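Hi everyone, thanks for coming.

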Amino acid sequence: YHGFEADQTLQLAKWAGIAALPVFLGGFLEDVTKNVTARDRLLLSFLSATIAYFELEVGLYRINWPWFDGYILGVPGISLILTVLMMGGLAHAANIIDGFNGLLLGVAILAVIAFSIVGWKAGASLLIIYMMIMLGSLLGIMLINFPRGRIFLGDGGAYLIGFLLALFALLLVKKFHLVSPWCPLLILIYPVVETLFSIYRKRVIRKKSAMAPDRLHLHMLVYRSLGARVGKALGIERNPATSIVMWMIALVPMIPAIVWWNQSIILVICIAAFVVGYVTLYFRLLRR
């Protein structure tokens with residue numbers, strides 16, 4: 001038995017926990033030792049994704065484009081490769097946006113709520129229960145992390161959150177065929193675009209390693225350009241004020257994802273619009 005088929009024996013919860021161990025431990029060991037490279041953490045996230053693919057049977061099996069689903073995803077091994085890249089990439093993306101108090105937590109909370117609403121529309125009652133467990137955990141940490149930052153997620157927490165978000169996204173699409181595969185992508189488009197654009201910016205524009213850290217992510221530019229102004233208006237410090245701005249940016253694409261959760265063409269248009277908006281905003285803030 002796999003996943004939902006044996007849920008009475010908590011098969012889904014058991015294998016989700018086992019699959020999450022490598023990616024979590026990689027981040028946790030980096031927090032403790034400061035000796036686990038970004039490449040090694042990414043490889044461990046790939047291992048976690050591989051376990052989830054085989055034991056929970058979650059993967060990228062369709063994008064609702066018949067020619068791609070039939071001729072590309074139908075090739076043995078392609079679905080596995082794309083699934084591993086997606087889940088590992090999203091885990092890494094979550095760590096990238098974990099830059100200010102509550103930033104990642106707020107984005108993750110919004111994403112889980114959006115997934116839950118879409119799941120409710122699709123009749124995913126069992127999956128919503130698991131989502132509510134994660135939501136409660138995130139809210140508990142948020143109370144201590146925001147706005148003062150009395151506790152931090154660390155790399156372990158960030159990688160774990162990103163991996164679980166990817167897992168929920170794939171489960172939602174796999175088990176409920178009315179849900180467009182572009183819906184969870186639009187819900188998580190902010191960390192996805194942040195990561196892909198960072199790779200392009202570092203490798204192509206700056207001729208550096210894609211794994212090299214820098215201080216030119218969008219949330220850092222928002223901190224420098226808008227953080228003080230927003231913080232003054234809200235009566236809070238610059239750090240949490242930046243997170244609030246980024247929550248709003250992440251929330252914008254989630255709204256059409258919830259409304260048109262089963263309309264692939266509209267969702268693809270919204271994804272393209274967000275990418276254009278992101279790049280435009282990025283360079284405007286950079287010029288400042």
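Predicted model: local features only at pLDDT ≥ 70, side-chain atom pairs only at ≥ 80, totals over all residues.

Okay, empty space. Rolling a probe the size of a water molecule over the atoms shows where empty space is left. Let's begin with the second largest pocket, which holds about 460 Å³ of space. There are 23 residues lining that pocket, and the ones closest to its centre are Ile133, Met134, Leu160, Leu164 and Phe168. Which elements give two or more residues to this lining? Those are α1, residues 11-33, α6, residues 125-145, and α7, residues 154-175.

Now to the cavities. How many cavities of 30 Å³ or more turn up in a search of the whole structure? The search finds 2 of them, and the largest cavity has about 50 Å³ of space. If you want to find the largest cavity on the screen, look for its lining: Leu90, Ala93, Ala94, Ile97, Leu104, Val107, Gly162, Leu165, Leu188 and Pro191. Two or more of the lining residues come from each of α4 (78-96), α5 (103-122) and α7. Helix α4 gives the most, with 3 residues. And what kinds of residue line the largest cavity? We have 9 nonpolar, 1 polar and no charged.

Next, the surface. Leu21, Leu25, Phe28, Leu29 and Val32 make up a nonpolar patch there, and together they have about 450 Å² of accessible area. Take Val32 as one of them: Val32 sits in helix α1. Is Val32 buried or exposed? With a relative accessible area of 54%, Val32 is exposed, because the cut-off for exposed is over 50%.

Last topic: charges. Side chains of opposite charge can pair when their charged atoms come close. Across the whole structure, a search finds 3 salt bridges, and I'll take them one by one.

One joins the side chains of Arg39 and Asp40, at 3.5 Å from N to O. Arg39 counts as exposed, at 53% relative accessibility, while Asp40 counts as partly exposed, at 28%.

Then there's Arg41 with Asp155, whose side chains meet at 3.1 Å, N to O. Where do these two residues sit? Arg41 is in helix α2, residues 38-55, and Asp155 is in helix α7, so to speak a link between distant parts of the chain, 114 residues apart. Both Arg41 and Asp155 are buried.

The remaining one to show you is Glu237 with Arg148, again a salt bridge, at 3.1 Å from N to O. Glu237 is in the loop between α10 (218-234) and α11 (238-259), and Arg148 is in the loop between α6 and α7, so this pair ties together parts that are 89 residues apart in sequence. On accessibility, Glu237 counts as partly exposed at 45%, and Arg148 counts as exposed at 53%.

Key
Residues numbered from 1 in each chain as written. Heavy atoms only, no water. 1 Å grid on protein atoms, 1.4 Å probe; cavity = no way out; pocket = protein on both sides within 12 Å on 5 of 7 lines; lining within 4 Å. Points joined across faces, edges and corners; volume = space filled by probe spheres on them. Helix = DSSP H or I, 4+ residues; strand = E, 2+ residues; numbered from the N terminus. Nonpolar A, V, L, I, M, F, W, Y, C, P; charged D, E, K, R; others polar. Patch = residues over 30% accessible without salt bridge, like charges linked within 9 Å, V, L, I, M, F, W, Y side chains within 5 Å. Areas by Shrake-Rupley, 256 points an atom, 1.4 Å probe, with all protein chains shown as cover. Salt bridge = Lys/Arg side-chain N within 4 Å of Asp/Glu carboxyl O. Buried < 20%, exposed > 50% of the residue type's maximum accessible area, 1.4 Å probe, protein only.
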